[in-house]
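Subject: Structure handover

Dear colleague,

Please find the structure below. My notes on it follow.

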Amino acid sequence: MNYDKVFEQAIQNLKDENRYRVFTELGRHAGDFPRATRHTETGEQEVTIWCSNDYLGMGQNPKVIAAMKEAVEKYGAGAGGTRNISGNTHMVCELEKELADLHNKEAALVFTSGFVSNDATISTLGKLMPGAIILSDELNHASMIDGVRHSGCEKMIFKHNDVADLEEKLKSIDPNRPKIIAFESVYSMDGDISPMAKICDLADKYNAMTYLDEVHAVGLYGQRGGGIAEREGLMDRIDIMEGTMGKAFGVVGGFITGSANIVDAIRSYAAGFIFTTTLPPVIAAGALASIRHLKESEAERTAHQERAATLKRLLAEAGLPVMNTQTHIVPVMVYDAALCKEASDILLEDYGIYIQPINFPTVPRGEERLRITPSPLHDDTMMSALVNALTEVWGRLGLKQAA
């Protein structure tokens with residue numbers, strides 16, 4: 001058997017479906033977000049990034065950079081291994097205290113990424129509760145889906161943000177069975193928000209645990225950046241809150257917060273935590289500085305919301321098919337995989353504008369889009385250049401205008 005041919009064909013299948021992903025090699029400019037240098041075989045190009053999940057530009061914040069420089073001088077580069085073998089890194093312990101406080105919970109646990117925190121936690125919850133059933137929103141992130149799958153327990157998928165469908169499913173379950181409702185606050189492709197209070201009401205009514213993914217909301221919403229649950233005054237009704245340091249906080253890593261017993265159980269049983277080298281002190285220090293800053297400062301959140309609203313208005317006025325979302329996510333719809341990739345390529349090559357195409361399986365086929373994420377650091381001149389470029393590209397490719 002020609003093994004290499006198997007993989008060659010798998011790649012060709014993606015190319016045939018216009019789903020093959022090409023990564024752009026970028027070097028971000030310290031202190032000058034959203035500017036970056038694109039590196040190619042033929043040279044370099046200066047570009048403006050419009051699709052980063054570093055939503056507030058905190059990855060370039062002077063306080064964050066200074067904290068990381070200090071930490072690497074004090075502690076060195078790495079953590080030395082897993083926490084159970086190499087010990088608890090002091091900076092990680094401080095970070096967990098800060099995260100628990102952010103969500104007003106008893107404890108927190110840090111993971112190497114948001115994907116790992118979802119997968120490890122959800123899968124472990126299912127294994128610790130015999131007979132458990134997980135009720136999962138149909139648009140939950142792949143990391144949550146993997147966690148449900150790896151739990152080995154029964155699952156029910158409820159229609160997206162549909163509390164009536166969720167209740168019908170809860171009604172059908174033996175009241176004595178353990179139940180976990182897993183959902184997100186902000187869904188990152190359509191930018192919509194879950195009916196959190198109503199889901200919590202159903203959890204109370206049917207004696208279910210709540211598991212909330214806040215990765216696209218922590219740092220961005222709530223008085224101290226605790227997320228949508230903080231903004232809506234619902235943190236005390238969520239059993240487990242999951243988030244990331246890799247988006248609004250501008251660094252990397254995932255986490256959960258909850259009761260001391262829940263967090264300790266995950267710490268003690270989750271393979272994705274136990275057998276993984278912990279985050280280096282330098283990363284924990286940067287995340288800690290970012291979280292502390294955003295707890296005190298609302299300036300970034302206020303500017304972020306204004307920038308997103310302004311860009312949506314400008315795109316709509318230009319007749320471009322922008323989705324009027326509830327949040328900071330700004331999708332411009334293309335509806336075709338090949339054209340979406342072509343639009344992205346033209347924007348990069350001809351205009352120095354970097355926006356990755358979003359295709360299946362991230363979104364359903366026929367829902368392809370350019371997902372734009374303006375930050376407080378995208379000024380009016382950048383926005384004008386973006387809208388003009390998109391208008392020209394839409395004309396060149398004959399793409400659908402706004403209805």
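What volume does the largest cavity have? The answer is about 60 Å³. This is a predicted model, in which local features need pLDDT of at least 70 and side-chain atom pairs count only at pLDDT 80 or more, while totals for chains, interfaces and linings use all residues. Residues are numbered from 1 along each chain as its sequence is written, and side-chain values use heavy atoms, with hydrogens and water left out.

Cavity and pocket

A cavity is a set of points, on a 1 Å grid over the protein atoms alone, where a 1.4 Å probe fits but cannot get out. A pocket is an open set with protein on both sides within 12 Å along at least five of seven lines, and lining residues have an atom within 4 Å of a point. Grid points are joined across faces, edges and corners, and a volume is the space filled by probe spheres set on the points.

The count comes to one cavity of 30 Å³ or more. Residues that line the largest cavity include Arg83, Val110, Phe111, Gly272 and Phe273. Strand E4 (107-111) and helix H11 (271-274) each supply at least two residues of this lining. Helices (H or I, at least four residues) and strands (E, at least two) are DSSP runs, numbered from the N terminus.

The largest pocket holds about 970 Å³ of space. Its lining has 36 residues, and His141, Ala142, Ser188, Met189 and Thr362 lie nearest the centre. Helix H5 (114-128), helix H6 (142-151) and strand E14 (369-372) each supply at least two residues of the pocket lining.

Salt bridges

There are 28 salt bridges in the structure (a side-chain nitrogen of Lys or Arg within 4 Å of a carboxyl oxygen of Asp or Glu). For burial, the classes are buried under 20% relative accessible area, exposed over 50% and partly exposed in between (1.4 Å probe, protein chains only).

- Arg237 and Asp201 form a salt bridge with the closest N and O atoms 2.7 Å apart. Arg237 lies in the loop between helix H9 (228-231) and strand E9 (240-244) and Asp201 in helix H8 (residues 196-205), so the pair ties together parts that are 36 residues apart in sequence. Arg237 is partly exposed at 26%, and Asp201 is partly exposed at 42%.
- Glu17 and Arg19 form a salt bridge at 2.8 Å between the closest N and O atoms. Glu17 is partly exposed at 34%, whereas Arg19 is buried at 17%.
- Arg313 and Glu317 meet in a salt bridge of 3.3 Å, N to O. They are four residues apart in helix H13 (residues 299-317), about one helical turn. Arg313 is partly exposed at 43%, whereas Glu317 is exposed at 57%.
- A network of salt bridges links Glu94, Lys97, Glu98, Asp101, Arg224, Arg292 and Lys295.

Sheet

Four strands make an open sheet in the order E1-E2-E3-E12, with mixed pairing. Strand E1 (26-28) and strand E12 (353-354) are at the edges with a single partner strand each, so one side of each has no neighbour in the sheet. Two strands pair if DSSP finds at least two bridges between them. E1 pairs with strand E2 (residues 35-40) in the antiparallel sense over three bridges. Arg38 in E2 is the bridge partner of Leu26.

Regards
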